[in-house]
Amino acid sequence: MAKVHVSAVGTSLLKNSLSDGRVKEEVDRLGLGDWDRLKFDDDRQNKIGSNFNRLEPLLLNYLKGKGKVACAELDSLFSALKKLEHDKKKEEVHVFLYATNTWNSRLAGEVIKSYLDEEGIRSELAIVKTISSEETFYEGIEDLFDKVIYKILKFKEEGNEVYINATPGLKPETAFLTLAGLLAGADLIYYKYQEFNDVVILPSPPIIISPRYLEWLIRFANCGYTLSEKRAEELGIPVKVLETKNLVERKGEDAYRLKGWVRKMLGLYLPLAAPSSQYKVIVEGEEEKVFNDEREAYEYMEAKRREGKRVRVEVPDKVYFLGT
């Protein structure tokens, strides 16, 4: 049984490394003096990527010389390992890191992983989508489910203990990870307060979705991820209540669709109910069309609806109507 520690990767390592003369000299030469604060769309991200093989060993040497205090990820992790007495059996520890798909975050993640490997601690690194706006927030949350939350679920199914480090990373992501992680069965959440330099074990009660809401969402999913308002009403699903909770979104004039992250969340309860990769659109009086992309299928359906055609959508074991 492994002791799995899940942690986001921030850029504190990059910021702190500027205190090292060799690192600072190279970073300044590349015009990357604020490399820890670069936005996802800053052109200089690519400069980090093109100089990755040169920057990585420089950063790793700094980290090995400075030790765990060089970054928030390792400082909080090793403090927790000591407090939980996991440091006595390093062979049982497994660290699961996740960074965003920006070059500065990737660099920090790879260097931290290499450091852990050299310390004899098993580790792996996942790359998730960057969150840069309200729209990409939900895309990022969906990716977090695919690459992190489902991984937690798998760790638990294999009989491992899972501990979530809530110290590093973006706070909205970390807050969501904490909630979703508890839904997936994580055992404990911890956070290191810099004010008094100690790790605090946060209350980590097992949580579940309200049975009433879960019943509505499962009923919705079992009848198709998009339903007309009339059909939802017939099924006893209060879509306006779900919309207020940001669990569904309005599509067109009279249709509602489950939010993408909600579908992912339902995968914790209905692992066999994951959406199909293909969407078959059947239009009255026309040949059926098959799409691999849901957005393309939806846009095609809406176009046909506006023409006054009767439309239905099929995925394996499901049929749902968008009306006429």
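Predicted model: local features only at pLDDT ≥ 70, side-chain atom pairs only at ≥ 80, totals over all residues.
Where is the place of Cys71, in a helix or in a loop? Cys71 is found in the loop between α4 (52–66) and α5.

## Confidence in the model

The mean pLDDT of the protein chain is 86, and 90% of its residues reach 70 or more. Residues 271–276 form a stretch with pLDDT below 50; beyond near neighbours in sequence, this stretch has five contacts in the model. Residues 316–324 also have pLDDT below 50, and for this stretch the model has 36 contacts beyond near neighbours in sequence.

## Overall architecture

The protein chain contains 13 helices and 13 strands. Its C-alpha trace spans about 70 × 45 × 30 Å along the principal axes. The chain has 324 residues, of which 49% count as buried.

Contacts across the sequence can also be described by separation. Among contacts in the protein chain with a separation of 6 or more, 64% are between residues 24 or more positions apart.

Cys71, in the loop between α4 (52–66) and α5, has a relative accessible area of 1%. Cys71 therefore counts as buried, as the cut-off for that class is under 20%.

Leaving aside neighbours within four places in sequence, Cys71 is in contact with Ser12, Leu13, Asn16 and Ile112.

Helix α5 covers residues 72–83, and Lys83 is part of it. Lys83 has a relative accessibility of 42% and so counts as partly exposed, since that class lies between 20% and 50%. Once neighbours within four places in sequence are set aside, Lys83 is in contact with Asp198 and Val199. Lys83 and Asp198 are 115 residues apart in sequence, while their C-alpha atoms are 9.2 Å apart in space.

Glu85 lies in the loop between α5 and β2. Most residues other than glycine have a negative phi. Glu85 is not a glycine, yet its phi is positive, at about 60 degrees.

Helix α8 (residues 171–183) has 13 residues. From its first C-alpha to its last, α8 reaches 18 Å, close to the 18 Å expected at 1.5 Å a residue. The buried residues in α8 are Glu173, Thr174, Phe176, Leu177, Thr178, Ala180, Gly181 and Leu182. Gly185 follows α8 and has a positive phi, near 105 degrees.

Ile207 lies in the loop between β6 (198–202) and α9 (211–222). Not counting residues up to four places away in sequence, Ile207 touches Leu179, Leu182 and Leu183. The C-alpha atoms of Ile207 and Leu183 are separated by 5.7 Å, although the two residues are 24 residues apart along the chain. With a relative accessibility of 25%, Ile207 counts as partly exposed.

## The second largest pocket

The second largest pocket has a volume of about 400 Å³. Its lining consists of 22 residues, and those nearest its centre are Thr11, Thr100, Thr102, Ser105 and Leu170. The elements that give two or more residues to this lining are β2 (93–100) and α6 (103–118). The strand β2 gives the most, with three residues.

What classes of residue make up the lining of the second largest pocket? The lining has nine nonpolar, 10 polar and three charged residues.

## Asn246

Asn246 is in the loop between α11 (239–244) and β8 (248–251). Although Asn246 is not a glycine, its phi is positive, at about 65 degrees. Why does Asn246 count as partly exposed? Asn246 is placed in this class because its relative accessibility is 27%, and the class covers values between 20% and 50%.

Technical notes
Residues numbered from 1 in each chain as written. Heavy atoms only, no water. pLDDT = per-residue confidence, 0-100. Contact = heavy atoms within 4.5 Å. Helix = DSSP H or I, 4+ residues; strand = E, 2+ residues; numbered from the N terminus. Expected span 1.5 Å × (residues − 1). Buried < 20%, exposed > 50% of the residue type's maximum accessible area, 1.4 Å probe, protein only. 1 Å grid on protein atoms, 1.4 Å probe; cavity = no way out; pocket = protein on both sides within 12 Å on 5 of 7 lines; lining within 4 Å. Points joined across faces, edges and corners; volume = space filled by probe spheres on them. Nonpolar A, V, L, I, M, F, W, Y, C, P; charged D, E, K, R; others polar.
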